[in-house]
Every structure is written in structure tokens, then in C-alpha cells.
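Please keep the sequence and the model at hand while reading.

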Amino acid sequence: MASLRNIGLCALMAAFLLPGCESTGNKSGIAVGPQVSSLFDSDEKAVVDPSKPRLDVVIPVFDPGLSDDAENYAEEGVWPELRRAEANRFAYKMKEALEDTGAFGAVRVVPDGTATGDLYVLGQIVESNGEDVEITVEVLDITGERWFTRSFDHEVEPGFHKNIRNEGKDPYDPVFDEAANRIAQELEDYESAELDRLKQTTELRFGSSFTQEAFSDHLVTKNGRAELTSFPSENDPMLQRTRAIRVRDQLFVDNLQETYRTFSDDMETSYLIWQEQSLQEVLAQREVEREATTEAMLGILSIGVAIAAIAAGANSDSASTRTAAVTGGVVAGAAGALLLKESFQTSEEAKVHRDALAELGESIDVELAPRVVAFQEQTVELTGTAREQFAQWRKFLKKIYMEERTPEVQL
């Protein structure tokens with residue numbers, strides 16, 4: 001069989017030998033049309049002005065990027081359990097990267113965008129397979145103004161996990177560092193007065209979530225944007241009351257950070273192993289598919305040679321030529337059939353790699369334990385997911401606020 005394959009390959013090379021070609025690929029990206037953001041965003045480290053006010057950042061848990069149709073998961077190479085876990089981990093990794101810039105105030109991961117902050121970083125997972133990671137990040141401030149929307153991606157080097165210096169490191173870190181630096185760069189265009197105004201808007205928007213009429217003279221909301229027209233006196237009782245409640249709200253969210261940190265730490269070991277194994281599976285699958293494609297093409301071309309040889313021999317006036325052509329055609333055709341058979345076997349091997357990747361993504365899930373919180377001698381038990389518990393907490397705060405606003409009348 002081996003000699004038959006070699007004969008077929010030799011015949012194929014002789015029949016289809018072509019001059020070498022020179023690649024003309026554009027290394028800078030697509031030659032026409034808008035270029036991706038990485039080609040025009042600055043790679044320089046953001047310059048942090050210590051005199052400017054520091055914005056508090058809210059990072060809702062990332063959108064896992066799951067399709068609406070569950071049947072598409074396997075087809076898209078996506079595993080829901082892993083993606084949901086990554087949605088929490090990626091938000092926490094973004095928090096760490098933003099903190100490392102030194103450009104912001106408190107940076108908090110939250111269940112959703114209803115939390116209170118000066119700046120919101122909304123992320124979505126586009127790709128994550130151990131080799132390639134891509135996220136889309138949308139940044140908005142408390143007024144509703146969109147600062148930018150960008151995609152950030154990173155390709156893990158094949159030898160990353162073999163380098164002893166990378167032990168314990170997350171190969172995806174560069175994508176979060178790049179995104180955080182880009183957000184910090186945006187601050188350079190804002191004056192201190194503008195940032196102060198954003199922080200004032202945050203205070204009044206938080207207060208308006210309890211009593212909109214109390215701040216209606218200072219804050220106008222229209223066309224999806226919040227506009228600060230004035231700011232109440234520092235002695236305003238409504239402002240002082242909402243500030244006191246906001247402190248408790250911030251403490252609650254701060255406590256949530258430990259939950260997200262613990263979750264990220266708990267999945268760290270399993271996740272880093274998954275990243276390493278998944279990278280190797282992706283590389284192996286690509287090599288197998290490359291071999292399968294090459295073998296299939298050689299098989300098809302060999303069969304083409306066989307058909308051409310037999311046709312040429314049939315038209316020859318020489319009996320010896322006809323015989324040689326038919327013999328050569330049969331040999332080339334047999335070699336082509338063998339290559340096609342090997343391609344099928346190789347594709348089956350590729351399927352094993354795909355199944356292995358699917359199995360790697362089924363072991364991680366997210367849980368959040370119930371908790372009891374107290375405020376002003378009242379307690380409430382929060383249950384369910386982090387999102388559900390956060391909603392229950394805000395409802396509890398509003399109940400406390402309303403009871404303070406309308407005290408019981410003593411007759």
C-alpha cells in the first residue's frame with residue numbers, strides 16, 4: 001500500500017508541477033475598507049493625571065455571547081457551562097486590569113447594569129477556545145453617553161504553557177490589559193470639571209431611584225440621557241439621606257467583590273488546565289484537518305490524473321501507449337482512492353478532538369449562597385442568583401428609605 005501511495009504521489013507531482021508562487025498578503029490587515037480598532041488605537045500606556053477626580057467603575061458580569069438557539073452551541077464551538085463561568089471570571093479580570101492602571105476609583109463587578117457608578121464597562125465574550133480570545137467592550141458614563149465600543153482580541157502563543165515563566169499565569173491577561181489601558185486613555189480627554197460633574201450626576205441618579213421628585217429640579221432625563229442642570233446644597237436633607245443609604249449600598253457591592261474573587265479563584269486551577277488542554281486540542285485539530293484536506297485534494301487530483309491518462313491512451317494510435325496509459329491511470333486512481341480513504345479516517349480523528357473539547361467545557365458552574373443582611377435594625381434574607389439577590393437588596397433599601405420618609409405619626 002505504501003508503495004502504491006508513493007507511486008501515485010510521484011505521478012501526481014509530475015503531472016501538476018507548477019512554478020513557485022510568491023505571497024502578496026497584506027500584513028497590516030485588510031487592504032480596503034475600515035480597519036480594525038487595533039490598527040489605530042494607541043499602544044502607549046495611558047497617562048494618569050493624579051490631580052483629576054477618580055471615577056468609580058461598574059462592570060456588570062459579561063454577556064457570555066451564547067446563541068438563542070441551543071442547537072448552534074456545538075456548531076459554533078461554544079459550551080454554555082464554561083461560557084457562563086467565563087462571563088463572571090472575565091468581569092473580574094477586567095476589574096483587576098482597570099485597578100492596575102491606577103486611573104480609577106473603586107472598580108466593582110456587579111450582577112447587572114442597574115448598579116450605581118460613574119462609568120460602566122459592558123463586556124461580551126465573542127471567542128474563547130484556549131488559543132483565541134476576543135471580547136467586545138462598550139463604555140458608557142452615568143449620563144448615558146457612550147464613550148466607545150471596541151473589540152479586543154489576543155492569540156495565545158503555541159508554546160505559552162511550556163514556558164516555566166508563565167506558570168500560574170492566565171494566557172488571556174493581555175486582552176484585559178489592552179482594554180483597560182484603552183479605557184484609561186479615554187480619561188485623558190476629560191477635564192477635572194467634567195469628571196466632577198459626572199460624579200454629581202451619579203449622586204442624583206442614585207437619589208432619584210428612591211425619590212425622583214426630590215431631585216427633578218436638578219436632573220433632567222430625556223432622549224435616553226441624564227443632564228445635570230444644577231446641584232443641591234451640601235446641607236440638603238434629601239441629599240444627605242441618599243448619601244447615607246448609598247454608603248450602605250456601596251458596602252453591599254463591596255462584599256459582592258469577595259464572592260466574585262472567590263469564584264474566580266475557585267475555578268482558577270481547573271480553568272488554566274482547560275486553557276492549556278484546549279489550546280493543544282485546537283492545534284492538534286487544525287493539524288489533523290490540514291492533513292485531511294491535503295490528502296483529500298491529492299486523492300481528487302490523482303483520480304483526475306487517472307481519468308486524463310485513460311482518455312489520452314484511448315485516443316492514441318499506438319497499442320503500447322494505450323496499455324501504458326491505462327495502467328498508469330489505474331495506478332493513479334488507486335492511489336487517489338487510498339488517499340480519500342485516509343482522509344475519511346483522519347476526519348474521524350478530528351471528530352475525536354472536537355468531542356474532547358466539548359467534554360472539557362462541561363465541568364464548571366456558578367453558585368451563590370443565600371445571605372442575611374442588616375440595615376438600621378432590620379434584616380432581610382437574600383436568596384437566588386447574584387442578580388436576584390441584588391434586586392432584593394435594592395428593594396429592601398427602598399423600603400427603609402420610604403419608612404424614614406413617612407415616620408409613624410404618634411397621637
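Of the 411 residues in the protein, 41% are buried, where buried means under 20% relative accessible area, exposed over 50% and partly exposed in between, with a 1.4 Å probe and protein chains only. The model is a predicted one, in which local features need pLDDT of at least 70 and side-chain atom pairs count only at pLDDT 80 or more, while totals for chains, interfaces and linings use all residues. Residues are numbered from 1 along each chain as its sequence is written, and side-chain values use heavy atoms, with hydrogens and water left out.

The protein has 8 helices and 9 strands. Both are DSSP runs numbered from the N terminus: helices are H or I with at least four residues, strands E with at least two. Among contacts (heavy atoms within 4.5 Å) between residues at least 6 apart in sequence, 71% join residues at least 24 apart.

| Strand pair | Bridges | Residues standing opposite |
|---|---|---|
| β3 (residues 119–128) and β4 (residues 132–141) | 9 bridges | Leu119 and Asp141 |
| β6 (residues 219–222) and β7 (residues 225–228) | 4 bridges | Leu219 and Leu228 |

Strands β6 and β7 form a hairpin with 2 residues between them, and Asn223 in the turn has a positive phi of about 55°.

**Helices α3 and α4**

How do the axes of α3 and α4 cross, and at roughly what angle? The axes of α3 (residues 80–101) and α4 (residues 173–186) come within 8 Å and cross at roughly 50°. The two helices are therefore oblique to each other; angles under 35 degrees count as roughly parallel, over 145 as roughly antiparallel, 65 to 115 as roughly perpendicular and the rest as oblique. The crossing is right-handed, which means that the near helix is turned clockwise from the far one by less than a right angle. On the α3 side the contact includes Phe90, Met94 and Leu98, and on the α4 side Phe176, Ala180 and Ile183 are among the residues involved. By class, this contact has 9 nonpolar, 2 polar and 3 charged residues. Ala, Val, Leu, Ile, Met, Phe, Trp, Tyr, Cys and Pro count as nonpolar, Asp, Glu, Lys and Arg as charged, and the others, Gly among them, as polar.

**Two residues**

Ala184 lies in helix α4 and, at 2% relative accessibility, counts as buried. Leaving aside neighbours within four places in sequence, Ala184 is in contact with Ala46, Thr101, Ala103 and Phe104. The C-alpha atoms of Ala184 and Val48 are separated by 7.7 Å, although these residues are 136 residues apart along the chain.

Glu191 is found in the loop between α4 and α5 (192–208). At 55% relative accessibility, Glu191 counts as exposed. From C-alpha to C-alpha, Glu191 and Lys52 are 7.6 Å apart, with 139 residues separating their positions in sequence.

Notes:
Axes fitted to C-alpha atoms, helices over the stretch in contact; angles between N-to-C directions. Pairing = 2+ DSSP bridges.
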